[in-house]
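Okay, thanks everyone, I'll keep this short.

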Amino acid sequence: MSKKIDFEKTLNAEQRAPVLAEGGPMLVIAAAGTGKTRTLIYRVACLVERGIDPRSILLLTFTNKAANEMLDRARMLVGNMVSGLWGGTFHHVANRILRFHAGALGYTSDYTIMDRDDSQRLLRDCITVLDLRDKHFPKPRVLLGMFALTANRQCPLEELAEERFENHPVNPEDIVAVHNLYQKRKKEMNSMDFDDLLVNAWQILKQEKQILKNYSERFQHILVDEYQDTNLIQSELIDMLAGHHGNLMVVGDDFQSIYSWRGADFKNIMSFPDRYPNTRIFKLETNYRSVPEVLDVANACIQCNPEQFQKTLKSTREHSKKPTVVSLADGRQQALFVTSHIKSLMEKGEILSDIAIIYRSHYHALELQFELTRAQIPYIITSGMRFFEQAHIKDVCTILRLLNNHNDELSFIRLLCLLPRVGEKTARKIWRALHAHFNPLLSEHRETVKLKLPAPSREDWGKIEEVFSDLKPSTMTEDFGEIIYRFTSSFYDDYAVETFDNHKHRLEDIEELNSYTTKFDSLSEFLSEVALISNLDAENEPTEEQEQDTLRLTTIHQAKGLEWKVVFILWLADGMFPTKRAIDEPETEAEERRLFYVATTRAKDELVLCSPKVHRSRDGSSQFFSPSRFLEELPHSLLKPVNIAHSTYRPPTSPRYWRR
DNA sequence: GTTTCGGTTCTTTTT
DNA sequence: GAACCGAAAC
């Protein structure tokens, strides 16, 4: 039994009010850096301390990282009393519900979760099947974005398509046809994409009254983080679960709503008091994080979004220096400047893990990565290619996925395409010959594949067969890392050496994947996690030496909720940040501004805003930019300008220089 | 008929 | 780099 928490001492009055409140609906408007996470954790701790069974608490977060952090910190407060609490992202919780009840929608509980790459491949095939492949037909990634919006906002796809392609030679009916086929194919494959997880969980609770009753009776206390970024489906899921008892605490900040492109609607937070008439509203406005000079910039920035509900961050910290704006010639000079500035910070005794570089888009940091490597400054990137989305990781996972779900066409195709002289056409033909069903453990199934394969690939197929031929059933449930080991040693090691020039690195990744399996009790659980977690390094606890001394590079989206002593924001140029697409689109531009607000409020002590003038493409062309409107619209007195664009720096002459 | 190879073009943000 | 397209090779 842990000792009593002293709420008086550890929380301020603003935080204490929602933490110690009785039940009922509560809306906590928590501005950046005001202890939002702290409030949620202490609320959980308070409930547990009052004797509430942790199993009746549901804590919904936006990212895996936030969920892990909260559960860890709650554990520190009340010890193992939090075990049994359901905490995680909406997708995790939806998945957990669906594993029990997917049958009600015609799935089996072993359904596969498709990641973005899977969805795009399937979509590409649907377009081909319907004979719609054409230069002017929208790309899979565009369609996928639209499908996600219809799913998460429950609005008709046809209208969305008409609006989106008003002046394009695209027939909205074709888009609907692709969508229908896509939905059908997923079901045949016993697979769900990310949106299906939410929509199907919602569907089950809507149609199966008894299931809804069970869950809503179980979860007597529901807490939701980052509520401003929920979409319609998510808010309805919450409303269904919490509807009866209304013991619902949502925490958020409309200023930090940065996911509307994914269907998030900050009207959810604005209309919360209307949906729950006896809502108590709490406000957290005392910022403990940033020096006043940083908050002045943040406050001034968000003033430019007239539609927002105005509130002002109050600082508790001593005055310090103003944020600097650095004018730079181009991206390379920016990289050089950031690198040398970091070096001088290190000389002053700053540690790397207190510094972060944040940016709008992944490619904004490319030149910097190059320069940091040259300067031997260690860094970790919380963005870009995700660990589990890399080709070699996905290749290895195909056999596990097929063992788990025999209808997983995408994995079957991917597996066969690893063989020489086998491409998509051949693989699909064999899939049809198997009647869209392949159980790797059945020798007759494996034999059918062998007979249909072209001669040059049969030898390699034999190597893959070895993995399954004398597999003990216990291996599949207890030690599926063994399957990965067998697959690599008999087949994939050689394949990797022939296929990738960085095979050594890739094989190390596979070993890491293998050791990761030990954390899981079942194959199905492991595969779910692989699909739902985005980045092994970023979302799991960093190892000690990483935490000790590495610089962090991250997109603003992924920096949400985090803080560093020193923050650099890259590419504050009109057309980069805000992006070209957002300029003169009032709503998107407002969202970009909120993004800038999120970026600035990550800084505790020092904020450095970088504004290069020229972007050099790899083909040698140059693009000129004005400074970001987010800088121009701020009162100039708030910033300290530094101009090094006209120093002795000479831009590179050869574009080839950039090729790595 | 299919796969593979080589050249070209483009990169928002994520579960 | 990776996704896409057209041409060469099997």
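Let's start at the DNA. Around DNA strand C we find Arg124, Lys139, Pro140, Met385, Asn502 and Arg618. Sorted by class, that surface has three charged residues, two nonpolar ones and one polar one. Before I go on, please keep in mind that this is a predicted model.

Next, the sheet. In what order do the six strands of the open sheet sit? Reading across, you get E3-E2-E6-E7-E1-E8, and the pairing is parallel. At the edges stand E3, residues 86–89, and E8, residues 280–284; each has a single partner strand, so one side of each has no neighbour in the sheet. From one strand to the next, the twist averages 15°.

Strand E2, residues 57–61, runs parallel to E3, and four bridges join the two. If you want one to find on screen, take leucine 60: its bridge partner in E3 is glycine 88. There is also a helix here: H5, residues 90–101, packs on the sheet and touches both E2 and E3. The direction of H5 makes about 120° with that of E3.

Now for two helix pairs. When two helices pack, we describe them by the angle between their axes and the distance between those axes.

Pair one is H18, residues 391–404, with H25, residues 503–516. Their axes are 9 Å apart, and the packing angle is about 50°. That makes H18 oblique to H25, and the crossing is right-handed. Which residues of H18 and H25 meet? On the H18 side you have His392, Ile393 and Val396, and on the H25 side Arg506, Asp509, Ile510 and Leu513. By class, that contact has four nonpolar residues, two charged and one polar.

Pair two is H20, residues 424–433, with H21, residues 443–452. Here the axes come within 10 Å and cross at roughly 140°. H20 and H21 are therefore oblique to each other, and H20 passes H21 in a right-handed crossing. From H20, Lys429, Ile430 and Ala433 meet Thr448, Val449 and Lys452 of H21. That contact divides into three nonpolar, two charged and one polar.

Technical notes: Residues numbered from 1 in each chain as written. Chains lettered and ligands numbered in written order. Predicted model: local features only at pLDDT ≥ 70, side-chain atom pairs only at ≥ 80, totals over all residues. Axes fitted to C-alpha atoms, helices over the stretch in contact; angles between N-to-C directions. Parallel < 35°, antiparallel > 145°, perpendicular 65-115°, else oblique. Left-handed = near helix turned anticlockwise from the far one by under 90°. Contact = placed C-beta atoms within 7 Å. Nonpolar A, V, L, I, M, F, W, Y, C, P; charged D, E, K, R; others polar. Near = placed C-beta within 6 Å. Pairing = 2+ DSSP bridges.
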